[in-house]
Structure formats: C-alpha cells, structure tokens
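Please read the briefing below alongside the sequence and the structure. The points are grouped by topic.

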Amino acid sequence: MTTDSNQSIKIKGGKPLKGEITIRGAKNSIPKNMVAALLTDEPCQLSNISNIEDVRIVSEMVEALGGEVKFSDNKESLKISTQNLHEIQKENVDKFIGKSRIPVLFCGPLLHRLGKAVIPQLGGCNIGPRPINFHLDALKKMGAQVREEGCNLHLSAKKLTGCKINLGYPSVGATEQVLLTAVLAEGVTELSNAAIEPEILDLICLLQKMGAIISVDTDRVITINGVKKLHGFEHTAIPDRLEAASWACAAAATGGKIFIKNAQQIDMLTFLNKFRQIGGGFEISDEGITFWRENGHLLPIAIETDVHPGFMTDWQQPFTITLTQAHGVSIIHETVYEERFGYVNALNQMGAQIQLYKDCLGGKVCRFGQKNHLHSAVIAGATPLKGARVTIPDLRAGFSYVIAALVAEGESTIENIGIIKRGYENFMEKLVAVGADIEN
Ligand code: EPU
C-alpha cells in the first residue's frame with residue numbers, strides 16, 4: 001500500500017465490519033491550532049495529532065517561514081516555535097500552490113508578526129465553488145491591503161484594528177480568519193453571523209489559553225477584545241467527529257458493529273439523533289461510542305445539511321450511501337455547498353437509485369433554491385449494490401464509495417484512494433482491523 005493519491009484498492013463486499021477503531025485529533029481542527037502558534041513567539045505544544053496531509057503541509061509552511069516544528073517520536077504530539085519568523089521565499093510559496101485551504105488562515109498571524117503575508121493559491125476538495133470573499137472583506141475592514149499577484153495573494157498592514165463584521169453566511173473558515181486576526185488587533189471586533197462549530201469553540205479555548213479575550217454571545221455573535229501579546233500554549237486536539245461518523249455509517253450500512261474509541265457524544269448530538277432515527281444503534285461510554293445496525297432493517301429519513309448545530313455537510317456522503325440500504329424513500333437537502341452531489345453518479349452505477357433535483361426538497365428553502373444547482377437528492381432503497389470500478393472525486397465522497405464497495409456484491413476497484421488518506425489517518429489499517437476484505 002502506498003500513499004499516492006492515484007493508488008487504487010480492490011474491495012470484496014458483503015462482509016459486515018466488526019471491531020475497534022481509534023480516532024485522534026480532528027482534521028479540521030489541528031491545522032488551525034497550528035496556525036494559532038504563529039500568534040506568539042513563545043513555544044507551543046499540541047497533542048493528539050493525526051498523521052494527515054494538512055498537518056504535514058502546515059508544518060512545512062511554518063518551516064518555510066522560519067519556524068520550527070518538532071514531532072514526538074510516536075508522531076502523536078508536536079512542538080512549534082516561531083521565534084525567528086521571516087517572509088516566505090518565492091520558490092517556497094510555489095511549493096504550496098493548490099495544496100490545501102489552510103494557508104489562507106496564515107493572513108492574520110503573519111500580518112501581526114511581519115506586517116505582510118503571501119498566501120499561495122488555495123487547494124482543498126473539489127466540491128463546487130469555494131470563494132474567500134468573506135475572509136478578504138473582513139481583513140480589509142480591519143486594515144489590510146490585499147492584492148492578487150499571479151495566483152497568489154499578497155497582503156500588508158501597518159496596523160489591524162477591531163471593527164464590526166457581519167458574515168454573509170456562517171462560514172467556518174471566515175470565522176477562524178476573524179478570530180486569528182482580531183485577537184491581536186487594536187480594539188474590539190464584533191463578529192456576527194459567525195460559525196460556532198465545535199472546532200471553532202475549541203480554537204477559541206486555545207486562544208483563551210494564549211491570553212485572548214473572546215466571548216461567544218447569543219445569536220452567533222462573537223466578541224473579541226484585542227490584546228497586545230499572546231503566549232505559548234499546551235493543547236490537546238479534539239477528536240475527529242467526521243471520521244467517527246464515517247465509520248458509524250460503515251457499521252450501519254454493512255450490518256456490522258464498530259467501537260470508535262475517543263468518539264465524543266457532545267460533538268455528534270445531531271448525527272446520533274439521525275443515526276437512531278434510521279435504525280442505527282449506539283452505546284456511549286467514557287472511552288468512545290459503539291455503533292451498529294439495530295434489528296436488521298434501516299429506515300428512510302429526510303435530512304437537511306446545515307451549519308452547526310445542524311447536520312454537517314461532511315456527514316452527508318457516508319450517510320447517503322447508508323440510506324441506499326434503508327427501506328423506503330429518503331431525502332437529503334444539501335444547503336452548505338451547492339455542488340456536493342456529483343459523486344452519486346458512481347453510486348448509481350453500482351445499483352443505487354439516487355435522483356438529484358434543483359429544488360429545495362424536504363421543507364425549507366435555502367440560498368441555492370432559485371438557482372441552477374442540483375442540491376437535493378431523493379434516495380430510493382433498499383437497493384442491492386454490485387461491485388464496480390470507481391474513481392474518488394473528493395475526500396468524503398471517497399469514503400462513501402468505500403462503504404458502497406463494502407456493501408456491494410462482488411469486487412470493486414476504487415481509484416484515487418490517496419485522497420481518503422488526506423483526512424482519515426491509517427485508513428487502510430483501520431479497514432483491515434474491522435475485517436474488510438481489501439487488496440491493493
Ligand atoms: N463561503 C463563501 N465565502 C467565503 C467563505 C465561504 O461564500 O468567503 C461559502 C462557501 O462557498 C460554502 C459555505 O460558505 O458554501 C461554507 O463554507 P465554509 O467557509 O464554512 O467552509 P470551509 O471553512 O472552507 C470547512 C471544512 C470543510 C467543511 C466546511 C463546513 C476545513 C479545512 N474545511 O471548510 O470540510 O465542509 O467547513 O463545515 O475545516 C471536509 O472536511 O471534507 C471539508 C470539506
């Protein structure tokens with residue numbers, strides 16, 4: 001098995017997944033915690049690290065800026081020191097072009113430390129347009145000058161000042177951008193329509209440890225009182241609730257039973273409710289959560305993805321494939337990304353019956369309603385699936401293809417498996433640990 005993104009695996013389906021999996025720090029949390037370390041010249045320590053690509057990319061970018069990142073021998077914790085931060089060299093910027101979405105979050109810390117920042121063109125999953133207008137509007141309002149040069153962004157600021165910012169949508173990344181910039185800005189920043197995902201609340205906790213003053217008020221308002229200096233931190237990353245939900249879906253879809261060590265109920269309340277409603281069983285302990293399929297049959301449901309505390313858009317794909325095994329018609333209305341159903345064609349080739357619609361199905365009208373986006377899915381089940389050759393288009397869709405192959409009769413070949421390894425640590429090893437029949 002290699003980690004090349006064009007690597008393929010073969011999966012023989014039909015076996016229920018059974019066993020134990022350990023999840024560690026969240027993919028959508030650790031890299032942002034690492035960026036926060038640039039807000040101080042004191043050493044910072046982060047534990048419960050997952051060995052995933054964004055962690056590697058952020059480490060390399062910190063090093064290219066003159067910082068030091070040292071991993072513990074078991075790679076489960078790291079220390080970052082950025083005492084001698086300097087500008088990134090042109091050839092180093094190019095190395096990071098199109099690799100990740102995290103670099104955009106370096107803006108605030110670099111502007112505070114160096115007065116300028118160069119941000120390589122962003123990468124990330126291909127799940128439709130992913131603009132950064134909220135990020136840039138907020139940075140400009142706080143005093144940054146922004147210009148595009150080639151495909152990269154160049155920013156500069158003599159001083160950053162707190163102000164009132166209202167996001168057009170509770171964007172996770174834009175909320176993090178404002179937090180990481182406002183903590184050291186002069187004066188008070190009042191951010192309204194902010195995202196309040198657990199990963200964001202955890203970042204706020206980390207920033208508070210560093211000396212920041214941030215209050216999370218009612219109605220998605222976050223108030224940040226800028227301080228002059230921040231200190232080093234010791235922090236433990238929160239467990240990955242997206243990985244936990246993905247394996248839970250694999251257990252339900254295959255009729256298996258998986259104990260997910262470190263899965264946390266509090267961050268998964270909405271998922272657990274929906275999982276129970278479709279006939280999934282779970283038991284919660286201090287160590288984690290065990291997931292299985294209750295009574296043989298899965299049931300249909302209508303779901304709308306939403307910002308937290310709603311049903312996460314990243315839970316959508318593993319849940320969709322699970323619903324192909326539910327008896328009856330399910331509806332999923334995707335309201336976070338306008339083009340996050342492209343992956344269902346491959347599932348239909350495997351025997352699923354999923355029809356896409358431009359309308360807002362399921363009750364509520366969303367911001368994509370009057371536009372031309374196929375953002376609602378009707379899933380007729382239960383459908384037997386048959387093995388096929390499929391190519392993974394993005395991270396979460398990739399996991400849903402793997403679940404499909406595990407359910408399907410016969411052998412499937414899944415190409416681009418490396419994309420999954422970007423967000424699921426030790427993915428192949430975990431598949432083997434729960435009894436999947438795989439071969440690379
Ligand atoms: N949006 C704008 N303008 C902006 C920013 C966002 O219009 O300036 C829109 C986006 O186009 C999208 C919506 O707002 O329609 C939500 O985007 P958001 O900014 O919240 O997403 P993100 O910060 O880019 C993170 C996760 C995603 C996850 C979303 C939503 C990371 C690295 N990525 O993305 O994770 O889907 O929040 O929860 O944290 C994944 O893990 O597979 C993944 C895609």
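**Salt bridges and their surroundings**

Asp306 has a relative accessible area of 26%, so this residue counts as partly exposed. The model described here is predicted.

**Asp306 and its partner**

- The side chain of Asp306 forms a salt bridge with that of Lys364, at 3.9 Å from N to O.
- Asp306 sits in the loop between β17 (302-304) and α10 (316-323), while Lys364 sits in the loop between β19 (353-357) and β20 (376-381), so the pair ties together parts that are 58 residues apart in sequence.

**Other salt bridges**

- The count of salt bridges comes to 17.
- Side chains of opposite charge can pair when their charged atoms come close.
- One of the salt bridges joins the side chains of Lys229 and Asp41, with an N to O distance of 3.7 Å.
- Lys229 belongs to the loop between β12 (221-225) and β13 (234-236), and Asp41 to the loop between α1 (30-36) and β3 (44-47); the pair therefore ties together parts that are 188 residues apart in sequence.
- Lys229 is partly exposed, with 46% relative accessibility, and Asp41 is partly exposed, with a relative accessible area of 37%.
- Arg147 and Glu149 also meet through their side chains in a salt bridge, at 2.4 Å from N to O.
- Arg147 is partly exposed at 45% relative accessibility, and Glu149 is partly exposed at 41%.
- A network of salt bridges links Arg24, Glu76 and Glu425.

**A strand hairpin**

- Strands β4 (residues 68-71) and β5 (residues 77-81) run antiparallel and are joined by four bridges.
- Phe71 has Leu78, in β5, as its bridge partner.
- Five residues lie between β4 and β5 in this hairpin, and Lys75 in the turn has a positive phi of about 65 degrees.
- In a regular strand the side chains alternate between the two faces of the sheet.

**Nonpolar cores**

- The largest nonpolar core has 79 residues, and the members that touch the most others are Trp247, Phe271, Phe291, Phe319, Ile414 and Phe427.
- Which residues is Trp247 in contact with, leaving aside its neighbours within four places in sequence? They are Leu17, Ile21, Ile258, Ile260, Phe399, Phe427, Lys430, Leu431 and Val434.
- A second, separate core has 73 residues, including Ala37, Ile102, Leu207 and Ile224.

Key. Residues numbered from 1 in each chain as written. Predicted model: local features only at pLDDT ≥ 70, side-chain atom pairs only at ≥ 80, totals over all residues. Heavy atoms only, no water. Core = buried A, V, L, I, M, F, W, Y, C linked by side-chain atoms within 4.5 Å. Buried < 20%, exposed > 50% of the residue type's maximum accessible area, 1.4 Å probe, protein only. Contact = heavy atoms within 4.5 Å. Pairing = 2+ DSSP bridges. Helix = DSSP H or I, 4+ residues; strand = E, 2+ residues; numbered from the N terminus. Salt bridge = Lys/Arg side-chain N within 4 Å of Asp/Glu carboxyl O.
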